[in-house]
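Dear colleague,

My notes on what was found in it follow directly after.

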Amino acid sequence: MNKEKLTRWLVSGPPFLFMVVFFVLPALIMVVASFRFPGEHGGLAPMFENSSWQFTLETYQFFFSDFIYTEIFLKSFLIAGLTTVICIAMAYPVALLITRVPKRFRDVMILLVVLPFASNFLIRVYAWMIILGPQSAFSVAINSVVTAFGFEPVPLLFSPFAVIVGMVYVHLPFMVLPLYTNLEKHDPILLDAAQDLGANAWRRFWKVTWPLSLPGVYAGSALVFIPVLGMFAVPDILGGTGDILIGNLIKEQFLGTRDWPFGSTLSIMLTLAVLAIAALAMRFSRKSLSYA
Amino acid sequence: MWFAALLVYLFLYLPLTVVVIYSFNDSRLNAEWVGFTWRWYEVLFQDEEMIQAAVNSILIALGASLIATMLGTMAGIAMHRYKLKALPFLVITPVAMPEILLGVSLLLFFIQVLHLTLGLLSVLIAHITFCVGFVAIVIRARLAGMDESIFEAARDLGATPWQTFRLVTLPLIMPAVIAGALMSFTLSIDDFVITFFTAGVGVSTLPLQIYSMIKIAVTPEVNAVSTLLMLLTLGMILLAARFDKTVLRGETR
């Protein structure tokens, strides 16, 4: 082996080996586990027993036999979709504004978007527990309006509403950053041209800025949608007993009922969903790039 | 647009401000403002479980950032120098996946394959796994902005690969290495999801401790520890950004 090749192995070998052992191998184990039987006391049953290999499709059949699991998957997609749309609506004005302020303010404004995310994820979720709690000024104000219209007061915390607020809050910068990176590259001359041709601000936005920003929107959407899909802590802390998503289901299988084969099956279903979304996002952003 | 953006900034900062303010509130409830107090910080510093959790967090973060920085620097250099397909995929995918997947697959692996008792070691390994990618990205970005001819010159002057690395490459990428290390430290000390699955019952970290307090009994002690943790991570990230600006773009998790 020559020196160049040796260096190459020395440099890339250790990280490669580490990731194979602690990332690829565990992923493969999970695939195998999803086809195995649960153990008597949780975990997995022996793979080789009574002189035969013990593999089964039971967990997959179980997943499709009870509609509740499909329903939880659909609900998770719905929550992730809603979160993504709200994030787009909130991130857009911020990203657009940052591109229109003088250059020297831009870094600071981006920093101000990222900074809250320097705080711990749980703290950001916990903050909403306070704000949406029954005694908070916000809850009291909302409910005084609600009761003024003659309705029953609504609990804000431990509801799907709280879950979505928490999800949006935790993931918003994932949308702002790619969107800003995209918007920053637009040539302002295009908007001038549209204006000269008589397009009003509304038309200029929808006919010029929006279509050009689609790659950024798709990239941001993937960055928001994917983590939301697997999130268990936000529904766990802000949601009620009914607000169960894929993540909560997986957590329950591994740490609660300890049915690891089924937990693995659910994890694999989630992985497949994530891969599909990522592929879709990449396809779309390439397509919109070729338009632009 | 100005107004909408202003509202979003308000939305970003209001919740955290509330947490900080209530950490000084002289009441057990996060509701009415009663008066100023340091009480919750005193409670915090006498809470032995919390202090043990903080010690664990710091130990794990130190170990994870040290090892992840070494592996991540190697990976970043390798990804830049050689046309590798598998390595970027292996290093970056754990960063892009929902964290729960990495958490449960490592849990399975540690218990079923390694027969490891969950504890500090399992958490340490898990943290390294997701930190390597962040370091590698920062290092590669730094190298991408550099003039290749410096390394060629070193080689032409007869430097061995090791000498080139130690005397040319390393000093040049040092800011990115330090930034990567500080970032790994922050990511590790902040991680909740992956730690939750790999810590087992015996070991607690700050986020795990915060989680159990939120789930069981919320007192303003949570606000106090949150405020301190916020200051710590804020300081680390600003420090990391001083060394390498790509950190701010990378720090989105």
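Helices (H or I, at least four residues) and strands (E, at least two) are taken here as DSSP runs, numbered from the N terminus. This is a predicted model, in which local features need pLDDT of at least 70 and side-chain atom pairs count only at pLDDT 80 or more, while totals for chains, interfaces and linings use all residues. Residues are numbered from 1 along each chain as its sequence is written, and chains are lettered from A and ligands numbered from 1 in the order in which they are written.

I begin with confidence. The score pLDDT is the predictor's confidence in each residue, from 0 to 100. Chain A has a mean pLDDT of 84, with 95% of its residues at 70 or more. Within chain A, helix α3 (residues 67–100) has the highest confidence, at a mean of 91, and strand β1 (residues 48–49) the lowest, at 66. Where pLDDT is low, the predicted coordinates should not be read in detail.

Most residues other than glycine have a negative phi. A:Arg258, in the loop between α11 (246–256) and α12 (260–291) of chain A, has a positive phi of about 55° although it is not a glycine. A:Phe158 also has a positive phi, near 60°, and is placed in the loop between α6 (137–148) and α7 (160–183) of chain A. For burial, a residue is buried if 20 or more other C-beta atoms lie within 10 Å of its own, exposed if 12 or fewer, and partly exposed in between, with C-beta atoms placed from the backbone. A:Phe158 counts as buried because it has 20 C-beta neighbours inside 10 Å, whereas A:Arg258, with 16, counts as partly exposed.

Next, the contact between the chains. Two residues are in contact if their C-beta atoms, placed from the backbone, lie within 7 Å. Chain A contributes 67 residues and chain B 63 residues. On the side of chain A that touches chain B, helix α1 (residues 3–34) of chain A gives the most, with 20 residues. By class, that side has 52 nonpolar, 12 polar and three charged residues; Ala, Val, Leu, Ile, Met, Phe, Trp, Tyr, Cys and Pro count as nonpolar, Asp, Glu, Lys and Arg as charged, and the others, Gly among them, as polar.

A:Met30 is located in helix α1 of chain A. A:Met30 is buried, since 24 other C-beta atoms lie within 10 Å. Apart from neighbours within four places in sequence, A:Met30 is in contact with A:Ser264, A:Ser267, A:Ile268, B:Ser105 and B:Leu108.

Turning to chain B, its secondary structure comes to 12 helices and zero strands. Its C-alpha trace spans about 70 × 55 × 35 Å along the principal axes, and buried residues make up 50% of its 253 residues.

One helix pair in chain B may interest you. Helix α10 (residues 206–216) and helix α11 (residues 220–243) of chain B pack at an angle of about 155°, with their axes 10 Å apart; axes are lines fitted to C-alpha atoms, for helices over the stretch in contact, and angles run from 0 to 180 degrees between N-to-C directions. B:Leu206, B:Ile210, B:Met213 and B:Ile214 in α10(B) meet B:Val222, B:Val225, B:Ser226 and B:Leu229 in α11(B). The residues of this contact divide into seven nonpolar, one polar and no charged.

With kind regards
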